[in-house]
Amino acid sequence: MLKIYNTLTQKKEIFKSLVDKKINMYVCGMTVYDYCHLGHARVMLVFDVVVRYLRSQGFEVNYVCNITDIDDKIIQRAHENKETFQELTQRYIQALEEDMKALGVISPTKQPRATSYIAEMQALISVLLEEEIAYRAVSGDIYYDVKKFSSYGKLSHRHLDELQAGIRVEVSEDKKNPLDFVLWKMAKPGEPAWDSPWGRGRPGWHIECSAMSMQCLGEHFDIHGGGFDLIFPHHENEIAQSEGVTHKTFANTWMHVGYLQVNKEKMSKSLGNFFTIRDILKKYHPEVIRYFILSSQYRSPLHYSEEILNNAQLALERLYLVLREFNLKENIKPASSRFRERFLSSMNDDFNTPEALAVLFEIAREINRIKNENEEEAKMLAYELREEAAILGLLTEEPSNFLQKSSKEIDVKRIEMLIQQRVLARLEKDWKQADKIRDELFALGVVIEDAEGKTRWRIQ
RNA sequence: GGCUGGGUAGCAGAGUGGUUAUGCAGCGGCCUGCAAAGCCGUAGACGCCGGUUCAAUUCCGGCCCCAGCCUCCA
């Protein structure tokens, strides 16, 4: 029985899809004006695992993840770069796709872009104006009147008066209420603009997700997700807009991924403490990043440091060292074991990946324990280990590939030649020479293992 | 000020009203020419103060501390 923590109710709830065995899920994706950092990777990897898991449990998941390709920061950045906003966004959309591919993130079923849904956004704004939930200000900009939506604040668990007390931005003369947010913004000369019944302009940030999610998934769907920082105001506003138009529940379950922290601070662009995905991939295997992300529960803050990533690497090596012992070429569906049940119940408990990983390590130990006495059973467990790890997107590589991959240039020919020399030295029981070669290899970052008459090597 | 979520062994990080999380690191052993890998064993923890209970790290209350949101942010 799958339970998911719902930000809306602040409880873990038994998950039930609107249509049996089908799930419609929307995740707020990236604004494309710069490279993605590890914090973005966390969100994408978490939902990647959510989708993989749900599919493995027989759900047909319709996974929509948008791209925001028009917004103030994009306009500003394009202006700074003296290029069109399309040139800018196209470049970063491509970078985003490269990053996601490198991380092994499965593609969303659909990846709508804001600029392709301008008409749908305008349709929503029209309804909100007709219903007088939105108003046109003196400037011509159109705002959402938060006072008209009685349950405003239900997702972030705040009340309008509390919010107003904490206002810390200068209040625009234009708005009736400082918390009102823009739906349509009139264009200044030189800014990107679209025709609308209210004049040339561009959409506000929040309306795009209402338009895209409802267009792609319907007015009422199962899961809506994103980073923690989107709870307020973004998702709150999405609810206000969508439910303001439809008068029915927008999304049933709201999932939010915790922050990635560096030195106890949130990783963010403004603090300048971020690491881009592509930079980290220069030093670490994608599965190491994935392991690191999954080693904490998705709602908790996750601390980043190089030491922790190194630890993730060592942990993954342990699992790969187990799989290396077997030739898992056959297409075998392993039988249920006592481990499988625990793996599944961990995942069913709000995607508790740290606990699921712990189960994988227990399988690994069991394999090591029995492999000499009962090779067949060990092999079955190895198949199971690989299958369950695949749900997390791990252990998908050939073990020797993973274990012999290095971020530095390695000279495999030289390594193998040295190993050959050492084998000869060992046959002659020339331990001094053998150890000297081993030291030499170690200096190259190569670790040697002598087992069952063979010598194997791996990196680091 | 309001609202969220936290504080678990050297590090990371789950979980539980009484029983080994897990990974890395440590200690002892087995294996090995020596290592590596692996196995067995072992040590070490639940912010502070009260309360409930036969029993609390786990429930309740208070306090302290940390992070985040209330402006754009995944």
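Analyst: The account below goes through the salt bridges one by one and places each in its surroundings.

The model is predicted, and a search of the whole structure finds 37 salt bridges. In one of them, the side chains of Lys283 and Glu306 meet at 3.1 Å, N to O. Lys283 belongs to helix α8 (residues 277–283) and Glu306 to helix α10 (residues 306–323), so this pair ties together parts that are 23 residues apart in sequence. Both partners are classed as partly exposed: Lys283 has a relative accessibility of 47%, and Glu306 has 39%.

A second case lies within one helix. Arg369 and Glu366 form a salt bridge of 2.9 Å, N to O, and both residues lie in helix α12 (residues 353–370), 3 residues apart, about one turn of the helix. Glu366 is buried, its relative accessible area being 12%, which is under the 20% cut-off.

The domain assignment of chain A places domain 3 at 412–459. A salt bridge of 3.5 Å, N to O, joins the side chains of Arg414 and Glu440. Because Arg414 lies in helix α15 (residues 412–427) and Glu440 in helix α16 (residues 431–443), the pair ties together parts that are 26 residues apart in sequence. Arg414 is partly exposed at 35% relative accessibility, and Glu440 is partly exposed at 31%.

Salt bridges also link several residues into a network, which comprises Asp72, Lys185, Glu191 and Arg202.

Methods. Residues numbered from 1 in each chain as written. Chains lettered and ligands numbered in written order. Predicted model: local features only at pLDDT ≥ 70, side-chain atom pairs only at ≥ 80, totals over all residues. Heavy atoms only, no water. Domains from an automatic or database assignment. Salt bridge = Lys/Arg side-chain N within 4 Å of Asp/Glu carboxyl O. Helix = DSSP H or I, 4+ residues; strand = E, 2+ residues; numbered from the N terminus. Buried < 20%, exposed > 50% of the residue type's maximum accessible area, 1.4 Å probe, protein only.
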